[in-house]
Amino acid sequence: MPALFAETALLPEGWARDVRLEWDASGYITGAVPNAAPEGAERAAGPVVPGMPNLHSHAFQRGMAGLAETEEGGDSFWTWRRTMYRFVERLDPEMLHAIAAQLYVEMLKAGYTAVAEFHYVHHDKDGQPYADRETMSEAILAAAEEAGIGLTLLPVLYQTGGFAGAPPSEGQRRFINRVDEFLAMVGELRRRHPEIVIGVAPHSIRAVSPEGLKEVATGQDLVHIHIAEQMREVEECLAWSGRRSVEWLLETCEVDHRWCLVHATHMTEAETRALAVTGAAAGLCPTTEANLGDGFFPMAHYKGVWGIGSDSHVSVSPFEELRWLEYGQRLLHRRRGVVGGGTALWQAAAAGGARALGRPIGALEPGRRADFVVLRADLPALWGKREGTLLDAAVFAGNRNPVRDVAVGGRFVVREGRHESEERIFAAYKRSIA
Ligand SMILES: [Zn+2]
């Protein structure tokens with residue numbers, strides 16, 4: 001049985017010494033025992049922590065990160081979206097595969113071991129379905145397989161250009177499906193890929209009808225939705241329904257632990273409390289929310305489940321994502337430790353991310369996937385730090401990537417900071433972007 005011996009490892013109950021981690025041939029942890037003997041196990045080159053699930057990704061947007069920073073006459077989320085639609089016009093299945101594979105390699109090297117891909121570009125450039133309607137989804141699946149990252153696929157239902165059934169714009173024509181077409185696509189993908197968790201993602205309450213939302217969310221094990229990222233959406237929702245976005249969703253659907261509400265930035269205190277008791281995960285994407293000028297998630301009032309996503313991929317690092325999350329709250333409330341230190345941040349985000357991805361990941365304990373990260377204890381920022389202060393240093397005290405080795409399902413895909421296929425995947429990415 002494969003085994004790893006770590007002098008220090010982060011287990012669900014906290015930091016432990018001399019941990020022996022064992023897993024079976026299919027990549028599930030069978031033992032995570034502290035104060036154990038090293039015999040017969042590979043020695044970890046540094047402290048071991050659970051791999052981080054990335055709960056929100058639009059992979060293709062990695063290819064346009066940095067292309068939407070200077071718009072004439074002032075930038076906003078909505079001008080950024082125009083640039084994103086222009087980029088989408090050029091995207092074909094081969095490009096999507098190349099960009100996603102490159103992104104997933106970068107995620108793995110940064111400590112993300114699984115990703116939930118919120119995938120909405122379904123059709124060909126003219127808005128017509130591909131002969132094989134699942135072509136673009138297959139590009140994502142192939143990219144994840146090639147990079148070796150864990151995947152939860154979330155095909156997106158997109159119906160309208162705004163509230164009250166506003167027609168979609170030209171820029172949205174590659175996203176649009178009827179509910180029956182969408183459910184057929186999800187069914188076909190599940191038939192082809194029974195080993196992959198495939199949920200559903202009604203894009204947002206402005207891009208699906210109330211009927212469409214209820215129809216695709218009912219009976220599903222996993223539902224992700226964008227919500228209340230921008231005040232404009234909340235104002236339009238109020239004008240349309242008399243309710244704020246999150247308030248409306250909680251009244252309209254049976255939101256529970258199967259749900260992930262991505263962003264949920266603009267909530268009243270009552271909405272924040274109501275969301276927390278549902279058991280749904282809040283999908284926080286602090287670097288993207290900062291980049292787009294969205295606002296701060298009301299973390300100080302929130303006692304529920306949450307995880308992190310890199311969303312538009314202006315940053316691909318769980319350390320930076322957690323740092324921004326905590327620093328945003330510190331700046332807002334003018335106090336420290338609003339969410340917590342490095343260990344508390346890492347464990348909460350890993351557990352919430354696992355919930356949002358619908359997979360047994362996010363902690364080093366029997367029954368979960370052997371997804372783990374070996375940190376570089378020899379970095380100056382981490383040198384001499386032990387247990388409790390290790391992740392404090394990794395999150396708050398440096399910009400150098402502290403990730404050395406990464407295993408997904410017990411298989412090492414990153415060794416000494418290098419991904420096993422990074423040259424080939426980067427070469428394909430360069431050809432695509434060129
Ligand atoms: Zn998003």
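Tutor: The C-alpha centres of domain 1 and domain 2 lie 27 Å apart. Keep in mind that this is a predicted model.

Student: Which residues belong to domain 1 and which to domain 2?

Tutor: The domain assignment gives domain 1 as 3-50 + 364-433 and domain 2 as 52-357.

Student: How many residues of domain 1 are in contact with domain 2?

Tutor: On the domain 1 side there are 30 residues, and they are in contact with 29 residues of domain 2. At least two residues of that domain 1 side come from each of β5 (48-50), α12 (388-396), β16 (403-408), β17 (411-415) and α13 (422-433). Helix α13 supplies the largest share, seven residues. Sorted by class, the side of domain 1 that touches domain 2 has 19 nonpolar, six polar and five charged residues.

Student: How should I read a nonpolar core?

Tutor: Start with the general idea. In soluble globular proteins, nonpolar side chains tend to be buried together. Here the largest nonpolar core has 125 residues, and the members that touch the most others are A100, Y104, L108, I149 and L261. Helix α2 (residues 93-110) gives the most to this core, with 11 residues. Both domain 1 (3-50 + 364-433) and domain 2 (52-357) give residues to this core, so it lies between them.

Student: What is A100 in contact with, leaving aside its neighbours within four places in sequence?

Tutor: A100 is in contact with A59, A139, I140 and A143.

Student: How do I describe two helices that meet?

Tutor: Two packed helices are described by the angle between their axes and the distance between the axes. Take helix α11 (residues 342-357) and α12: their axes come within 7 Å and cross at roughly 80°. That angle makes α11 roughly perpendicular to α12.

Student: Which residues meet where α11 touches α12?

Tutor: From α11 they are G342, T343, L345 and W346, and from α12 they are G388, L391, D392, A394, V395 and F396. By class, this contact has six nonpolar, three polar and one charged residues.

Student: What does separation along the chain look like for E13 and L364?

Tutor: E13 and L364 are 351 residues apart in sequence and 10.0 Å apart in space, C-alpha to C-alpha. E13 lies in the loop between β1 (3-11) and β2 (14-23). With 8 C-beta neighbours inside 10 Å, E13 counts as exposed.

Student: Where is Q159 found, and is Q159 buried or exposed?

Tutor: Q159 is in the loop between β8 (150-157) and α4 (179-192). It is buried, since 23 other C-beta atoms lie within 10 Å. Not counting residues up to four places away in sequence, Q159 touches I176, A207, V208, S209 and G212. Between the C-alpha atoms of Q159 and R206 there are 9.0 Å, with the residues 47 apart along the chain.

Student: What should I say about E134?

Tutor: E134 lies in the loop between β7 (112-119) and α3 (135-147). Beyond residues up to four places away in sequence, E134 touches M185, E188 and L189.

Student: Let us end with backbone angles. What is the phi of A228, and what is the phi of R334?

Tutor: A228 has a positive phi of about 50° although it is not a glycine. R334 also has a positive phi of about 50°, and it is not a glycine. A228 is found in the loop between β11 (223-227) and α6 (231-241), while R334 is in the loop between α10 (318-333) and α11. A228 is buried, with 28 other C-beta atoms within 10 Å. R334 is exposed, with 7 other C-beta atoms within 10 Å.

Conventions
Residues numbered from 1 in each chain as written. Predicted model: local features only at pLDDT ≥ 70, side-chain atom pairs only at ≥ 80, totals over all residues. Core = buried A, V, L, I, M, F, W, Y, C linked by C-beta atoms within 7 Å. Buried ≥ 20, exposed ≤ 12 C-beta atoms within 10 Å, placed from the backbone. Helix = DSSP H or I, 4+ residues; strand = E, 2+ residues; numbered from the N terminus. Domains from an automatic or database assignment. Contact = placed C-beta atoms within 7 Å. Nonpolar A, V, L, I, M, F, W, Y, C, P; charged D, E, K, R; others polar. Axes fitted to C-alpha atoms, helices over the stretch in contact; angles between N-to-C directions. Parallel < 35°, antiparallel > 145°, perpendicular 65-115°, else oblique.
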